[in-house]
Amino acid sequence: MDDVSVKLNKKGLQFATADKQFKLKIGARLHADASFHGGDNDLDSGERATNGTEIRRARIYLKGVMWEDFKYISEFDFADNDVAVKDLFVTYTGLDWLELTVGHQKQSISMELQESSNDIMFTERSLVNTITGHAFDRAIGIHAKSKGKDWSAQIGAYGESVGASKVAGDEGWGMTSRVTYSPINTKDQVVHLGAYGGFRETNDNNDILNGTKNTDIKYETTHLSNLYLTNANDIANAENLSIAGFEAAYMQGPFSVQGEYAQSWLSRDGAPTLDFNAFYVQTGWTLTGESRSYKGSDGEFKRLKPAKNFSLGSNSGWGALELAARYDQADINSEDVNGGSEKAVTVALNWYLNENLRVMADYRRAFDVSNNGTFANETDAGDLEEIDAFSLRGQWAF
């Protein structure tokens, strides 16, 4: 039997055989959130935001290598006192020019959606997630990827999510593709360009991706709030959804800017096609001088790494401080569907104590919210006043 090496460090608990044919890493993440809202008092009591605390994510994963050429990952989430499957797949890496992944996985679409929740600069993803997240998050499928140091090209075909409610009839299916290129990719300077597209056919219940109701396209102010300022609820007779998006980013030392625009088209049986759009632009500035980490072969930013960890001992340091701001908007009004429109500005301050711990504080103001009278007791029907949201998160991950 081969000797097995054991390591415990910032990357988790790791095991490897002497010949490197088999590897195993055990890791986890915890996101503990608190959120509070202002400006929602004029709304009907059934529509007001829920304030309080929650364990947003509580995940454990096993990942590693089998017979050198096969990578695997099994990740499960225990938040909400329930068990949910996240990543559960195997990837064949034996070819220099191609990786093949089979199982439950993120679909190949959107820079923001591809980036891990451990790495994004805000506690909630932007309003672009309104039209990407519901239809193109995780699903069971097969995915092909070719990559180099500065580029990536991906395509995949998918069925439903592993958590999909079964319907009386066929499941839906979809395809996605994403390409990225970084003409400048150094430690301190990055230029990123990307584009993506997707298609999804509804299941026999006319839902875009799992569930037992007709298609919903909506955005929650925070995960806990249950307040949807833009909400195209129960779109009937949906047939298929197409999406196209463009993304770009630039980083120079401690400064970075990133943005995406996405447009979707929802085809319906016996009714006009709907089109929705959303975009965001965000910027970040590391006050302590560090640059963000970028991986060209994935076309995405990774977690910020402090130059000096927080410590009050003899080797004292304060970690890294990051200031971020974002403007985003979405329009979910089209034809006879009045899902509303929304604009928002978010400001965030993130403190990275080390590579495994960070504290996040967000302030978000939604404005120019038009929801066409969805809320019963709003002061000016169809045109809401500003809604403020304050979010705090404690995060550890390895």
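I started with Lys343, which comes out as partly exposed at a relative accessible area of 27% (buried is under 20%, exposed is over 50%, and partly exposed lies in between, with a 1.4 Å probe and protein chains only). I'm working on a predicted model, where local features need pLDDT of at least 70, side-chain atom pairs need pLDDT 80 or more, and totals for chains, interfaces and linings use all residues. Residues count from 1 along each chain as its sequence is written, and side-chain values use heavy atoms, with hydrogens and water left out.

Which side chain meets Lys343 in a salt bridge? I found Asp368, at 3.4 Å from N to O (a salt bridge is a side-chain nitrogen of Lys or Arg within 4 Å of a carboxyl oxygen of Asp or Glu). Asp368 sits in strand β21 (residues 357-370) and Lys343 in strand β20, so the pair ties together parts 25 residues apart in sequence. Helices and strands here are DSSP runs numbered from the N terminus (helices are H or I with at least four residues, strands are E with at least two). Asp368 is partly exposed too, with a relative accessible area of 43%.

I then looked for salt bridges that share partners, and they join Lys145, Lys295, Asp298, Glu300 and Lys302 into one network. One of the pairs I looked up is Asp298 with Lys302, their closest N and O atoms being 3.3 Å apart. Asp298 is buried at 14% relative accessible area, while Lys302 is partly exposed at 25%.

**Arg268 and Asp336.** Searching the whole structure gave me 19 salt bridges. Among them is Arg268 with Asp336, where the closest N and O atoms are 2.8 Å apart. This pair links distant parts of the chain, 68 residues apart: Arg268 is in strand β15 (residues 255-268), and Asp336 is in the loop between β19 (320-334) and β20 (337-352). Is each end buried or exposed? Arg268 is buried, with a relative accessible area of 8%, but Asp336 counts as exposed at 54%.

**Surface patches.** Next I checked the surface for patches (residues with over 30% relative accessible area and no salt bridge, like charges joined within 9 Å and nonpolar side chains of Val, Leu, Ile, Met, Phe, Trp or Tyr within 5 Å). A nonpolar one is made of Phe255, Trp285, Leu287, Leu321, Leu323, Val345, Val347 and Leu349, together about 650 Å² of accessible area (Shrake-Rupley method, 1.4 Å probe, with only the protein chains shown counting as cover for residues). β19 and β20 are the elements giving two or more residues to this patch. Strand β20 gives the largest share, three residues. I also looked up Trp285, which lies in strand β16 (residues 271-286) and is partly exposed at 46%.

There is a positive patch as well, formed by Lys7, Lys11, Lys20, Lys23, Lys63, Lys71 and Lys305. Lys and Arg count as positive, Asp and Glu as negative, with His and the chain ends not counted; a charge is placed at NZ of Lys, CZ of Arg, CG of Asp or CD of Glu. Lys11 is in the loop between β1 (4-9) and β2 (12-17).

**The whole chain.** Last, I zoomed out. The protein chain has two helices and 22 strands, and 49% of its 398 residues count as buried. Its C-alpha trace spans about 70 × 55 × 45 Å along the principal axes.
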